[in-house]
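Visitor: I've got a model open and I'd like to learn how to read it feature by feature. Can we go through it together?

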Amino acid sequence: MDRATVLEQLTEVAVDVLGVDPGIVSETSSFKDDLDADSLDLVEVVMALEERFSISVPEDKLDGITTVGEAIDLVIGIAEPSEPAESTNPA
Amino acid sequence: MGGRVALVTGASRGIGRAVAVALAADGHRVGVCFGSDAAAGAETCQSIESTGGEALAIQVDVSRPESVDAAFAQIEEAWGKVEVLVSNAGINRDGLVMRMGDAQWAEVLRTNLDGAFHAVRRATPGMVRARWGRIVLVGSVVALTGSPGQANYAAAKAGLIGLTRTVARELGSRGITVNLVAPGPITTAMTDALSDERKAQMTGQVPLGRFGTPEEVAAVVAFLCSDAAGYVSGAVLPVDGGMGMGH
């Protein structure tokens, strides 16, 4: 699963759930500061991602996820457990 | 009014049946969930359908999350997401604390408290997405007064107040209201089982001097499920003839 695909999907989710302009979603976007997401919004984003990628995100993995890039790492890490999530976050 | 998709647990008789009928009368389509008595569940549906309403009887064991999930899935397939949830399913296994067994305690907590949690948890993602929802939990006056012989029942019903108010805070920003109705003594199969002496004693504690009817509880629940009740959330609303005044 490549990062671009996950970012594309996550952007769609952000537009749908958070009502943001797709142009402002990037790997470095902070959910809270840039996308104006509260804790409930994040839960909604996670649930939408779980649905789209047919994954299940454990609650304890959500701690420390603040940016879109970190969320992408998380999704890839869970979807492809054999390969450690690449830390190619171009921050 | 109405036109929403509603789900009522414990809807085969008593308060739950009256709630299902009242919601259908308001124009909602109603998932009539029953625990074991399929014939009674069908009766509730017939009662709704005889007046032109839409109902769907579904067997569910609220103490089991997978059973609750299946019931919601069935409603979703038929009508779409549940917008109105009334968690009413409840049992009692009365006995004095000194003689109350672990199973007796756990069984009541599992159905009356865990069951409400399972239903609320399953219902809320759809409501959050829709930015609208109505949740009503059916509690009891004994949650706050206590009731000899009902430690398990009263503890479970008291737990529902904390659940109600927490979810009301968690989801208020999404247009979802969560309230609890606290009935006093109501004429149902549960209270029919009481001795005449106990019934007379309870009646004596009610300023209105009588037991209530399931319909009187249902009317309040239906109001809380309506658009008109949009600014009521986290409330514990007594329907008890005044029995609990001062809570």
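Visitor: Which residue stands opposite B:V239 in β7(B)?

Guide: Strands here are DSSP E runs of at least two residues, helices are H or I runs of at least four, and both are numbered from the N terminus. Two strands pair if DSSP finds at least two bridges between them. In this case the residue opposite B:V239 in β7(B) is B:P183. Strand β6 of chain B (residues 176–183) is joined to β7(B) by four bridges, and the two run parallel. Keep in mind that this is a predicted model, where local features need pLDDT of at least 70, side-chain atom pairs count only at pLDDT 80 or more, and totals for chains, interfaces and linings use all residues. Residues are numbered from 1 along each chain as its sequence is written, while chains are lettered from A and ligands numbered from 1 in the order in which they are written.

Visitor: What is the strand order in the open sheet of chain B?

Guide: Reading across, the seven strands go β3-β2-β1-β4-β5-β6-β7, with parallel pairing. At the edges stand β3 (55–59) and β7 (236–239) of chain B, each with a single partner strand, so one side of each has no neighbour in the sheet. Ignoring direction, neighbouring strands are turned by 20° against each other on average.

Visitor: Which strands does helix α4 of chain B lie across?

Guide: For angles, axes are lines fitted to C-alpha atoms, for helices over the stretch in contact, and values run from 0 to 180 degrees between N-to-C directions. Contact means that two C-beta atoms, placed from the backbone, lie within 7 Å. Helix α4 (residues 102–130) lies across β4 (84–87), β5 (133–138) and β6 of chain B, at about 170° to β4(B). Helix α6 (residues 151–171) of chain B lies across β5, β6 and β7, at about 165° to β6(B).

Visitor: Is α1(B) largely enclosed or left open?

Guide: Count neighbours: a residue is buried with 20 or more other C-beta atoms (placed from the backbone) within 10 Å of its own, exposed with 12 or fewer, and partly exposed in between. In α1(B), 11 of the 12 residues are buried, so this helix is largely enclosed by the rest of the structure. Among them are B:G16, B:V19 and B:L23.

Visitor: Where does B:R131, with its phi near 60°, sit?

Guide: B:R131 is in the loop between α4 and β5 of chain B, and its phi is positive although it isn't glycine. B:R131 is exposed, with 10 other C-beta atoms within 10 Å. In chain A, D36 also has a positive phi near 60°.

Visitor: How many residues are in the largest nonpolar core?

Guide: A nonpolar core is a set of buried Ala, Val, Leu, Ile, Met, Phe, Trp, Tyr and Cys residues joined through C-beta atoms within 7 Å. The largest has 70 residues, and those with the most contacts inside it include B:V8, B:V181 and B:V221. A second, separate core of 18 residues includes A:V6 and A:I72.
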